[in-house]
Amino acid sequence: MGKVTGFMEYNRQESPYRDALERIKDWDELYLPVNDEIRLEQAARCMDCGTPFCHSGIIYNGLPSGCPLNNLIPEWNDLLFNGEYEDALSRLLMTNNFPEFTGRVCPAPCEGACTLGITNPQVTIKNNELAIIEMGFLKGWIKPFNPVKRTGKKIAVIGSGPSGLACAEQLNKVGHLVTIYEKDDRPGGLLMYGIPNMKLDKKYVIRRTDLMIQSGITFILNSEVGKDITKDELLSNYDAVVFCIGSSTPRDLNIKNREAKGIYFAVDYLSKNTKSLLDSSHKDNQYISAKDKNVIVIGGGDTGNDCVATALRQGCKSVRQFEIMPEAPDERTTENPWPEFPRYKKTDYGQKEAIALFKEDPRIYQISTKSFEKNSDNQVTALNTVNVEWSKDYDGRFFPREIAGSNKNYQADLVLLAMGFIGPDSELINYFELETDERSNIKATYQKHTTNIDKVFAAGDTRRGQSLIVWAIREGREAAKAVDLSLMGTTYLP
Ligand SMILES: Cc1cc2nc3c(=O)[nH]c(=O)nc-3n(C[C@H](O)[C@H](O)[C@H](O)COP(=O)(O)OP(=O)(O)OC[C@H]3O[C@@H](n4cnc5c(N)ncnc54)[C@H](O)[C@@H]3O)c2cc1C
Ligand code: SF4
């Protein structure tokens, strides 16, 4: 455990962010450098609760409670408190291939299940995780891993998001030769071209993929499976193929004037912005600009928040974020007890920045967009909306009911659709004749990961549906284990 009385002596202290009005002037990371002294103190707050829930990774009410990777949190908190960084790192890497990603962008279901959280603010598990891995990089403890012996088995991983990267790293560790095919020009999937740079600096993604290359993993970029590489080529050249292609089909809003100019999917907006930033510091103008525009983001989730933050940095005139659901309560309710994932109102970094700049919360709740308006140039000019209230039907299911007379009109020059994803690329799935489940994801059982096609496996968002990085890493690890077992008859992979 940490310090016996640590949780009584020290208050929770999260790693601070840069000032909101300062950070919106650039694309650098939000976070201030980690203060090691404070992190040791914060690790001391872990109180050896006997039966920790923080590392359980159980699903309660549809959401994860505890770490889906089963990170050995109390163990490495204790080592961190004692300043034993190298041992803490080795514990952390037993379960998590990429703590530098989760330590920055994981929503930390571990903290929602922290026992201290029943009565006090939880342990800063996510910040502590980042401190351990970054110390590992700083001290040069993280090195390429070249297996002593190769098995002679060749595996293709399609997609270089966190599930593909984790799967490849695990398979490489046990001596298989892994090739990752990626259709984009840079590796990382949504780590690279989804999450904005200020939330996850792309230098950390490149630092990791460079290490993987040095460890013997081959990345073939700008290479779209199904177009540049055929099914037959893949199946005949490799002993196993793992689909880690994500869930890339965005949910659309098919209402009047949807075809107007100025309406984009959030992920297209975000990915073009990052690409242009990395290619030319935005000098090439190959991005969708919010400068001097009234921006409306439809979708109140994390992706919508990333759009708000991006629009602010591009110099938008105004920004609003529409959410059809009611505003969450300020704290847990009795229907959402510990250790469930806490469902209370969180004001994320982009929303905080909008409040700091415009003195107003960008979020509008219980609002539904009925139609877009456009001008003679086919450019979107406004949205027509109605407020909704949520009622239960006879089966107890919630549904939105429009409130008569609540119609409004909001001016907009740029509309970003951030309403989630409905599944992976169906063209590719059809081409491979892969079976899908009722949610149009590739059909494969968790921890088996086999599909209807011999030697083809699936993992990550493409199997589980739109999810989180921590789950993608877990799925990649599980798929690697399943592949190794199928090829070798036994496996030592965890
Ligand atoms: C804007 C945004 C922000 C997010 N922020 C967070 C966050 O803060 N925290 C968090 O935990 N989660 C976040 N998520 C969710 C998280 O990014 C995903 O759950 C995770 O990346 C899924 O990993 P994956 O490996 O399954 O798929 P992806 O990351 O989607 O990677 C799939 C890869 O497959 C490639 N590919 C697809 N088809 C082919 C093909 N035919 N040939 C070759 N390559 C192909 C794609 O180009 C892509 O690189 C966010 C998602 C979005 C959209
Ligand atoms: S990966 Fe996420 S859930 Fe697991 S310990 Fe880290 S922050 Fe918590």
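Visitor: What share of contacts in the chain between residues at least 6 apart in sequence joins residues at least 24 apart?

Guide: The share is 68%, where contact means heavy atoms within 4.5 Å. This is a predicted model, in which local features need pLDDT of at least 70, side-chain atom pairs count only at pLDDT 80 or more, and totals for chains, interfaces and linings use all residues. Residues are numbered from 1 along each chain as its sequence is written, and side-chain values use heavy atoms, with hydrogens and water left out.

Visitor: What makes the chain as compact as a globular protein of that length?

Guide: The secondary structure comes to 18 helices and 18 strands, these being DSSP runs (helices H or I, at least four residues; strands E, at least two). The radius of gyration is 23 Å, close to the 23 Å from the globule rule for 494 residues, so the chain is as compact as a globular protein of that length. That radius is taken over C-alpha atoms, and the rule is 2.2 Å times the number of residues to the power 0.38.

Visitor: Why is Arg91 called partly exposed?

Guide: Buried means under 20% relative accessible area, exposed over 50%, and partly exposed in between (1.4 Å probe, protein chains only). Arg91 has 29% relative accessibility, so Arg91 counts as partly exposed. In the chain, buried residues make up 52% of the 494.

Visitor: Where is Arg91 found, and which residues does Arg91 touch, not counting those up to four places away in sequence?

Guide: Arg91 belongs to helix α5, residues 85-95. With that exclusion, Arg91 touches Leu72, Trp76 and Leu79.

Terms used. Chains lettered and ligands numbered in written order.
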